[in-house]
Amino acid sequence: MDEDKNIEIIDKMTKVCICKSISRATMKKVIQNGATTLSEVQKATGAGSGSCHGRRCSVKINALLEELKESDISNKETP
Ligand code: FES
């Protein structure tokens, strides 16, 4: 429980898209609400539209998509 809270706080403080100041918490919420691709996440959050044009955040968003997809699969496999 405390660890979940800590992760939640860290996610709010961690900026995935530095140019647009978009947190990992926002990215996770969009992915959990159904975004499955980089472009869907970018469209929903505005990430990738900053001065670096997604050079810095695209890799991090793709990693987050993979991470959440894997945790979703492992959650479904557990009875
Ligand atoms: S870090 Fe996301 S657009 Fe630059």
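Helices (H or I, at least four residues) and strands (E, at least two) are DSSP runs, numbered from the N terminus. With that in hand, welcome to this protein chain, which has 4 helices and 2 strands. Please keep in mind that this is a predicted model: local features need pLDDT of at least 70, side-chain atom pairs count only at pLDDT 80 or more, and totals for chains, interfaces and linings use all residues. Residues are numbered from 1 along each chain as its sequence is written.

**The overall picture**

Along the sequence, the elements follow the order α-β-β-α-α-α. The C-alpha atoms of the chain fill a box of roughly 45 × 25 × 20 Å along the principal axes. Of the 79 residues, 19% are buried; a residue is buried if 20 or more other C-beta atoms lie within 10 Å of its own, exposed if 12 or fewer, and partly exposed in between, with C-beta atoms placed from the backbone. Two residues are in contact if their C-beta atoms, placed from the backbone, lie within 7 Å. Among the contacts with a separation of 6 or more, 43% join residues 24 or more positions apart.

Two packed helices are described by the angle between their axes and the distance between the axes. Here axes are lines fitted to C-alpha atoms, for helices over the stretch in contact, and angles run from 0 to 180 degrees between N-to-C directions.

Helix α1 (residues 2-13) and helix α2 (residues 24-32) have axes that come within 5 Å and cross at roughly 105°. That makes α1 roughly perpendicular to α2, a label for angles of 65 to 115 degrees. Glu 8, Asp 11 and Lys 12 of α1 make the contact with Arg 24, Ala 25 and Lys 28 of α2. These residues divide into 1 nonpolar, no polar and 5 charged. In this grouping, Ala, Val, Leu, Ile, Met, Phe, Trp, Tyr, Cys and Pro count as nonpolar, Asp, Glu, Lys and Arg as charged, and the others, Gly among them, as polar.

α2 also packs with helix α3 (residues 38-45), at an angle of about 120° and with the axes 10 Å apart. On the α2 side, Thr 26, Met 27, Val 30 and Ile 31 meet Val 41, Ala 44 and Thr 45 of α3. This contact divides into 5 nonpolar, 2 polar and no charged residues.

Within α2, Thr 26, Met 27, Val 30 and Ile 31 are buried. They cover an arc of only 135° around the axis, which puts them on the same side of α2; the arc is that of the directions from the helix axis to the C-beta atoms. After α2 comes Gly 34, with a positive phi near 125°.

Ile 61 is found in helix α4 (residues 58-77). Ile 61 is buried, with 26 other C-beta atoms within 10 Å. Leaving aside residues up to four places away in sequence, Ile 61 touches Val 16, Met 27, Leu 38, Val 41 and Ala 47. Ile 61 and Val 41 are 20 residues apart in sequence, and their C-alpha atoms are 7.8 Å apart in space.

Most residues other than glycine have a negative phi. Ser 21 has a positive one, and so does His 53.

Methods. Angles under 35 degrees count as roughly parallel, over 145 as roughly antiparallel, 65 to 115 as roughly perpendicular and the rest as oblique.
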